[in-house]
Amino acid sequence: MRTRGWGVVAAALAAWCVLQAWGALAVLPPRPVPADEAGARSPSAERALARLMPEARTARPAGGDAGEPLRTRLLSELGALGLELAVQSGHVAERPDLPLVNLLARRRGTGDGSALLLVAHHDSVPRGEGAGDDGAGVAALLEALFVTRDDPPAVHDVIVLLTDGEEAGLLGARLFARDSARDSWFADVRAVVNVEGRGNGGPSTLFETGTGSGAFVRAFAAATPAAFGDALGPAVYRRMPNDTDFSIFRDAGLPGLNFAFFAGASVYHRASDTWDALSLRSLQHHAENLVGVLRGCTDLGTGASGADASRMTVVPGLGMILLPPWAGGALLLLGGLVLARRLGRRPSVGRAPLDTRSTPVPERAPSGTVGVVAAALGAALLEASLLAACVALAWASATGCSMLAASCLDVGVERGNVVSALLASVGAATLTWGARVACVGALRRPGLSADAATSGALALLLAFGVLAATTLPEAVLPLGAVLAAGALASECVRPRGTSPIGGGRLTAAALLVSGAVLVMLPLQHLLAWVGSVAPGGACVAGGAVGALAGLAAAPLREALPGSVRTRFAAAWLAAGALLLACSAVLDVRGL
């Protein structure tokens, strides 16, 4: 029995690591394509980079002459594409002392002049080349226009806006949006796409959308195999004190998409944001996203309005999908109903064995529905404490390593590390499982039986989902998926008298939990990159998702022999702590 139990444990950990690896690979930016391989119809990061060299290898703060060589080069590149050119010069009230120079270009469509606006900014901070922020966006935009130059004309026009003064307060975007002239191009804009960078790598992420952008997102996702983003990212971003040029147009009520990459945030607004350090994968991803927008949305009358984008998510193997607004609530309700049925059922006094060669293992359980509910609530409080402790440990360890490296080892902090998030996720799941087993075994109370602990884990997920429905609706979908999977898995491994838990039932439970994990993995990496503004962002994001997955996998504990669940809890704790420590170390560049 002990061998069979450890086999189940090993298989579970191996499956968890495989899923994590698959999720990490699924969100990597696409391979940079050489110019000769890409041809004229597909984007190439190599070709995009060459369009700005060597003029972009200098700092280009707004208001000075340092950016003039690049502006001249950009006008030449846009003119070579046969676009109608314009230069907008002026000042805004926020900085009347700072002269601004916006570059504009227009590709006419077959319709009434309504336009899709493509935005990037050509200025940089005074102390860096601004390769990631936002030279990559400018280069990708030019490459997308080149690749689509011979496509059938869209119904709408395409307006290119390369703004000045973004780093000084979104000044170029303000200047363009406030142009009240009768022939102003801004009056024709019906949707906006902005391209940014907060670092020097990572996937080009759809991290913000405008009002009524659901159909726009759907058209983009259908035309872009490598589309990456999740509804929770924009929801979190809206609560952060950050802005891009997109904010000006979003506040004007325009639908649209905002893309950026976030890995390597240690170079953000620093002299180390150079072209040599820029990831060509990220540049390639930027360009592919823009080509997807231009080819996927060819009629703004049907492609950029009237629907909500608050339920978009990415599933490895399926790409970006847009679910109905009620999908998260339906999953939450399903999980809640299964949990209610579980709580209302008379508790078992024994656990079914894994095979017929064993007898049930007695476990004390509370009597009556009230006792079961009370035990589940008590177990839920235990789960919440363990979850908070696990995430706090992940944050503290990663922050400590980051500060140590910055102060003692004189190396920069590299956040948003995919490997770090992967290890943190596995470690957190292992640590929470081990801590839970240790507490249940140490206290040895009837109300903390494995059955009650499973109910407590599911009850905690339900509480998270209900709380999210009132405060952060975009989080209901992943929480609902995890709860529904965990609740259905608990039914698969529910003891049925003395009948053994066969391989089919155990496999079904594992597949359900694996499905929930797949839904969570892209979100884990998205939060790791978006959260990279703080030390340990990757580690804590992976830890949080891993701990939630540990809750979903709680029913699988009931299928394990008692010796594995209790006698070796220390091994679970040690393994989880070690993985979290490794994650924290890997969260720092140079170690």
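**Aromatic cluster and nonpolar cores in a predicted model**

Phe176, Phe186 and Phe249 form one aromatic cluster. Before the details, the ground rules. This is a predicted model, where local features need pLDDT of at least 70 and side-chain atom pairs count only at pLDDT 80 or more, while totals for chains, interfaces and linings use all residues. Residues are numbered from 1 along each chain as its sequence is written, and side-chain values use heavy atoms, with hydrogens and water left out.

Confidence next. The average pLDDT, the predictor's confidence in each residue from 0 to 100, is 76 for the protein, and 62% of the residues score at least 70. Over residues 349–368 pLDDT stays under 50, and the model has 60 contacts there beyond four places in sequence; contact means heavy atoms within 4.5 Å. Residues 402–416 also stay under 50, with 37 such contacts.

Now the rings. There are 5 aromatic pairs in the structure. Rings of Phe, Tyr and Trp (its six-membered ring) pair if their centres lie within 6.5 Å; planes under 30 degrees apart count as stacked, over 60 as edge-to-face, and the rest as tilted. Phenylalanine 176 and phenylalanine 186 have ring centres 5.7 Å apart and planes at 80°, so this pair is edge-to-face. Phenylalanine 176 is in helix H6 (residues 171–177), and phenylalanine 186 is in the loop between H6 and strand S5 (189–195), 10 residues apart. Helices (H or I, at least four residues) and strands (E, at least two) are DSSP runs, numbered from the N terminus.

How are phenylalanine 186 and phenylalanine 249 arranged? Their pair is tilted, with 6.2 Å centre to centre and 40° between the planes. Phenylalanine 249 lies in helix H9 (residues 245–251) and phenylalanine 186 in the H6–S5 loop, so the pair ties together parts 63 residues apart in sequence.

Buried means under 20% relative accessible area, exposed over 50%, partly exposed in between (1.4 Å probe, protein chains only). Phenylalanine 176 is buried at 2%, and phenylalanine 186 is buried at 18%. Phenylalanine 249 is buried as well.

Last, the cores. A nonpolar core is a set of buried Ala, Val, Leu, Ile, Met, Phe, Trp, Tyr and Cys residues joined through side-chain atoms within 4.5 Å. The largest has 59 residues, of which Leu52, Leu116, Leu145, Leu162 and Met320 touch the most other members. Helix H5 (residues 131–147) gives the most to this core, 11 residues. A second, separate core has 20 residues, including Leu343, Leu458, Ala468 and Val482.
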